[in-house]
Amino acid sequence: QYLRTAFYASVCRSISIDTCFNLGSIVSCRDVAIGPGSVIGNQSIVGRSEIGRDVMIASRVSIVSDPYLHGSPADRVRGIGRGSSSTPPTIGDGCWIGENSVVMADLGARCTVAAGAVVVRPAAAGTTLMGNPARKVSL
């Protein structure tokens, strides 16, 4: 665990040395920023993104760099297969992201994402999201 953290801290844009990378977690590109106290769960994949402080990411979570990484549907119909230039998702401080979730959009601070949710639209701070596509719920 210490070696994974040291490696990612040395090659990525900005990763705090007290970030916890659990077994099998992968950072798929160098353009990643992760704040102090964050935990990346087992077998999670982190793409190009900005993750705040004290974020808890469960096992097998995917943080996708760009929902149209291989081009938008309209571009693919025209035969253009390159990625778009959208900004990477930002995950605010203190978020909890449940197991097997997929995050493709911004999450405000202290958001909770239920297990298996697919976040395709930005969420305001303090929101609880469930479902596919993820929707705001009040518990």
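Here is a quick tour of this structure, from the whole protein down to one residue.

What you have is a predicted model. Some overall values come next.

| Property of the protein | Value |
|---|---|
| Buried residues | 39% of the 139 residues |
| Accessible surface | about 7500 Å² |
| Part of that surface on carbon and sulfur atoms | 56% |
| Contacts joining residues at least 24 apart, among those between residues at least 6 apart in sequence | 18% |

Now for the strands. Seven of them make an open sheet with mixed pairing, and the order across it runs S2-S5-S8-S11-S13-S15-S16. At the edges sit strand S2 (20–21) and strand S16 (135–137), each of which pairs on one side only. Further in, strand S13 (residues 112–113) and strand S15 (residues 128–130) run parallel, with two bridges joining them. If you want a spot to look at there, take threonine 112: its bridge partner in S15 is threonine 128.

Threonine 5 belongs to helix H1, which covers residues 2–11. Is threonine 5 buried or exposed? Threonine 5 counts as buried because its relative accessibility is 4%, and the cut-off for buried is under 20%. Setting aside neighbours within four places in sequence, threonine 5 is in contact with Ser16, Ile17, Thr19, Cys20 and Phe21. Edge strand S2 spans 20–21, and Cys20 and Phe21 are among the contacts of threonine 5.

How values were computed. Residues are numbered from 1 along each chain as its sequence is written. This is a predicted model: local features need pLDDT of at least 70, side-chain atom pairs count only at pLDDT 80 or more; totals for chains, interfaces and linings use all residues. Side-chain values use heavy atoms; hydrogens and water are left out. Two strands pair if DSSP finds at least two bridges between them. Helices (H or I, at least four residues) and strands (E, at least two) are DSSP runs, numbered from the N terminus. Buried means under 20% relative accessible area, exposed over 50%, partly exposed in between (1.4 Å probe, protein chains only). Contact means heavy atoms within 4.5 Å. Accessible areas come from the Shrake-Rupley method with a 1.4 Å probe; for residues, only the protein chains shown count as cover.
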